Protein chains: 2
Amino acid sequence: MNDSNTPSKAVILLSGGLDSLTCLAVAKAKGYDCYAISFSYGQRHNAEIQAAINIAKIYGVKEHKIIPLDLKLIGGSALTDNDIAVPTAPQEGIPVTYVPARNTILLSIALGWAEVLEANKIVAGVNAVDYSGYPDCRPEYIEAFQKMANLATKSAVEGAPITIETPLIYLSKADIIRKGLTLGVDYSISVSCYQATAEGEACGQCDSCRLRKQGFELAGIADQTRYI
Amino acid sequence: MNDSNTPSKAVILLSGGLDSLTCLAVAKAKGYDCYAISFSYGQRHNAEIQAAINIAKIYGVKEHKIIPLDLKLIGGSALTDNDIAVPTAPQEGIPVTYVPARNTILLSIALGWAEVLEANKIVAGVNAVDYSGYPDCRPEYIEAFQKMANLATKSAVEGAPITIETPLIYLSKADIIRKGLTLGVDYSISVSCYQATAEGEACGQCDSCRLRKQGFELAGIADQTRYI
């Protein structure tokens with residue numbers, strides 16, 4: 001909540017997926033001055049970046065920063081290493097689509113940019129419910145990141161800490177979609193698939209597609225995702 | 001300390017400066033299997049990267065990863081923004097050479113790589129004494145990063161957390177140099193200057209040069225740094 005007359009300035013992590021699109025809509029609805037940040041991190045689904053560019057334009061963000069960061073150099077995930085296949089059936093434990101330290105890396109760079117912008121918020125679509133078992137999507141992780149951030153930055157030391165907001169953290173995918181629809185979100189402009197085609201068509205089979213499909217079904221909403 | 005017969009596997013943050021060179025020497029002396037990581041982050045002093053490459057070769061690290069990460073895209077520091085001059089006299093408060101969230105970003109990427117490597121240590125030359133007032137060099141910041149990391153990664157969730165070691169954190173520059181000398185370190189191969197020439201010659205005037213010079217003086221050691 002913003003308790004002064006100056007609008008909050010917020011950096012939104014915008015992957016181009018369903019969750020980040022909803023986050024941007026939530027931030028706009030709260031009256032934040034929105035700055036979007038996306039990462040071109042060697043992910044298979046580069047169609048997401050195109051979706052992010054499109055979404056940023058539609059929502060008229062003040063600035064959209066795309067940071068090239070080749071996590072393929074590190075590897076270790078089906079999303080960043082072409083030798084690891086994206087699974088098409090649910091897995092036990094933490095899936096191979098987990099990207100080592102991904103949210104920590106992305107939030108850290110967002111933190112740096114937020115500091116340069118003198119923004120007081122970072123909004124991230126982290127979700128602890130339909131989170132596929134990723135450790136860096138849990139509330140306790142976000143709390144620990146916040147504590148670390150409060151010690152890391154010059155702005156925090158000088159009395160202006162940057163708050164991490166995760167408006168979707170306790171929502172199911174269906175509830176996220178319902179929330180977005182109340183804000184007029186058109187989900188057809190988002191791309192969630194882990195292996196979307198260059199044209200943004202979804203495979204319909206990966207974890208991310210399954211969660212998204214199920215979300216539309218449970219919300220009782222027609223799924224306008226373009227499938228292969 | 002490593003209490004099994006298997007050597008610890010460690011990722012060393014290797015900038016090519018005096019502190020990171022000492023860290024690598026300390027890690028080698030402890031018997032760690034050393035993996036070095038450097039960042040080409042649009043810093044003015046790219047001679048540091050060349051020094052890092054040279055140091056990694058001399059110390060025979062298992063692998064040296066150089067991650068291109070253009071922090072000039074974010075800006076906000078004399079080290080990443082050509083419009084902000086590197087100061088040549090001590091400043092009040094946190095200096096303009098502070099790079100927003102830099103250590104958080106670098107440690108996060110090191111964390112991701114450590115996870116992929118199944119390394120159990122990250123060694124960083126963070127220093128709280130001659131630290132130029134950077135908030136992300138303080139022990140309480142490192143402790144908070146450690147807590148966050150213990151919640152962030154798959155490896156930690158599965159019982160193999162990655163420990164951040166900062167062997168220089170409480171040492172003065174003179175003590176760092178003394179420690180390095182007991183380990184046979186040749187400091188002439190390191191580059192610390194914020195605005196070194198392409199050939200690695202130091203300006204002798206920036207914060208980093210001043211701290212380094214003073215360190216050699218206080219340690220009573222001849223300074224073999226090549227100055228302009």
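**A tour from the sheet to the interface**

Start by selecting strand 2 and strand 3 (residues 63–68) of chain A: the two pair in the parallel sense over six bridges. Strands here are DSSP runs of E of at least two residues, helices are runs of H or I of at least four, both numbered from the N terminus, and pairing takes at least two DSSP bridges between two strands. This is a predicted model, in which local features need pLDDT of at least 70, side-chain atom pairs count only at pLDDT 80 or more, and totals for chains, interfaces and linings use all residues. Residues are numbered from 1 along each chain as its sequence is written, while chains are lettered from A and ligands numbered from 1 in the order in which they are written.

Now pick A:F39, whose bridge partner in strand 3 is A:I67. Next, show strand 1 (residues 9–13) of chain A, which runs parallel to strand 2 of chain A and is joined to it by five bridges. For one of the pairs, click A:A10 and A:C34.

Then move to the interface. Which residues of chain B and chain A are in the contact, and how many? Chain B gives 36 and chain A gives 36, with contact meaning C-beta atoms, placed from the backbone, within 7 Å. On the side of chain B that touches chain A, select helix 3 of chain B, which supplies the largest share, nine residues. The copies meet through the same surface, because 100% of the interface residues of chain B are also interface residues in chain A.

Note on methods:
Contact = placed C-beta atoms within 7 Å.
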